[in-house]
Amino acid sequence: MRVAAAQARCPWLDPAAGVAKVVDFLQRAAADHVELVAFPETFLSGYPFWVEQTGGARFDDPDQKRAYAAYLDAAVELDGPELRTIVEAAGDLKIFTYLGITERVRGTVYCSLVAISPDGAIVGVHRKLMPTHEERLVWGIGDGHGLRTHQVGDFTVGGLICWENWMPLARHSLYAQGETLHVSVWPGSSRLTGDITRFIALEGRVYSLAAGALFSYADIPADFPFHDQLAERSSRYDGGSAIAGPDGQWIAAPVSDEECLVTADVDAAAVRAERQNFDPGGHYARADVLHLQVDRRRPATAEFLD
């Protein structure tokens, strides 16, 4: 099976342009016979880059309020037209798609990873378990509902978002389901993907695919509250998309500063071979001693009841 990370420049807070870019990369992937493609963390409609640069923790700051309102307005809903267009495109092109989105639920934004089947249906929505550091000023805290794998051809595929890939139990919740291809999505930085991508490949004896975006502060819209403060700053978000084999060796080392599809041909037989001496979800798991319990319930949103 051919797989790919879509490393692209994020159309920040522009969901219409974001949808067009996703569809364009899906078409590129289909032309290259890709069967699974992953897009970066919150590719639609953007990572909250401004928070750490502008004193985002200042309480009741009017500019921070306006920035959040703009971010909320640009987020997408699961049943909205943006995802409907992408789901239809993935179905038409017969590509399994992982897409990082800013998911709007009333006044809250979740950092979510949507799994779309080649049949043209959303088959999973994982909300990031724990936003990292300043992200907690912007995103809601997720749940275990989306900690599920999906069958894609001969592969059992799972995905996690950014630093939750460093959470041992989150990783194991996917290994224990027989994961053979692990997808990690990132805002986009080679300094983030270099170590963990190979580590997951070795630990899980899985193929490990990392998808990161490109971003420049110059891409911030002119009417965004902190545009003038940020536009001239240099960005560290250089992509870093990469693919490692189940032996921990690079198939595609982290790619920087280039819009492209980072592709690899993967073979499930290679995973089976590497599990001859280590299988963290099987013969090396010691389930009689160590037990993981995952709560996959999605908490209901509080509502007034008659």
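I started with W163, which sits in the loop between strand 7 (155-161) and helix 4 (168-175). The model is predicted, so I kept to its limits: local features need pLDDT of at least 70, side-chain atom pairs count only at pLDDT 80 or more, and totals for chains, interfaces and linings use all residues. Residues are numbered from 1 along each chain as its sequence is written, and side-chain values use heavy atoms, with hydrogens and water left out.

I looked up the exposure of W163. W163 is partly exposed, with a relative accessible area of 45%. The scale I used is this: buried is under 20% relative accessible area, exposed is over 50%, and partly exposed lies in between (1.4 Å probe, protein chains only).

W163 belongs to a nonpolar surface patch together with W166 and F199. The accessible area of the three together is about 340 Å². Such areas come from the Shrake-Rupley method with a 1.4 Å probe, and for residues only the protein chains shown count as cover. Patch members have over 30% relative accessible area and no salt bridge; nonpolar side chains (Val, Leu, Ile, Met, Phe, Trp, Tyr) are joined within 5 Å, like charges within 9 Å.

Next I took helix 3, residues 81-93. It has 13 residues and reaches 18 Å from its first C-alpha to its last. That is close to the 18 Å expected at 1.5 Å a residue, where the expected span is 1.5 Å times one less than the number of residues.

Which residues of helix 3 are buried? I found L83, I86, V87, A89, A90 and G91. These buried residues pack against helix 1 (15-31), strand 3 (96-105), strand 4 (108-117) and strand 5 (121-127).

After helix 3 comes K94, with a positive phi near 60°. K94 lies in the loop between helix 3 and strand 3. At 53% relative accessibility, K94 counts as exposed. I listed its contacts (heavy atoms within 4.5 Å). Leaving aside neighbours within four places in sequence, K94 touches E35 and P118. I also checked K94 against H33: they are 61 residues apart along the chain, and their C-alpha atoms are separated by 10.0 Å.

**S112 in strand 4**

I then moved to S112, found in strand 4. S112 is buried, with a relative accessible area of 1%. What does S112 touch, not counting residues up to four places away in sequence? The contacts are L99, G100, I101, E103, V125, H126, R127 and I161.

**Cysteines**

A disulfide is a covalent bond between the sulfur atoms of two cysteines. The rule I applied is a pair of cysteine sulfur atoms within 2.5 Å. By this rule the count is 0 disulfides. C111 is in no disulfide, and its nearest cysteine sulfur, that of C162, is 7.6 Å away. C111 is buried, at a relative accessible area of 2%.

**Salt bridges**

I searched the whole structure and noted 18 salt bridges. The test is a side-chain nitrogen of Lys or Arg within 4 Å of a carboxyl oxygen of Asp or Glu.

E259 pairs with K21, with the closest N and O atoms 2.6 Å apart. E259 lies in the loop between strand 11 (250-256) and strand 12 (260-265) and K21 in helix 1, so the pair ties together parts 238 residues apart in sequence. E259 is partly exposed, at 33% relative accessibility.

E77 and R104 meet in another salt bridge, 3.4 Å from N to O. This pair links distant parts of the chain: E77 is in the loop between helix 2 (62-74) and helix 3, R104 is in strand 3, and they are 27 residues apart. E77 is partly exposed at 32%, and R104 is partly exposed at 22%.

R171 bridges to E203, with the closest N and O atoms 2.6 Å apart. R171 is in helix 4 and E203 in helix 5 (residues 190-204), 32 residues apart. R171 is buried at 3% relative accessibility, whereas E203 is partly exposed at 22%.

My last entry is a network: salt bridges that share partners join R2, D32 and D265.

Conventions
Helices (H or I, at least four residues) and strands (E, at least two) are DSSP runs, numbered from the N terminus.
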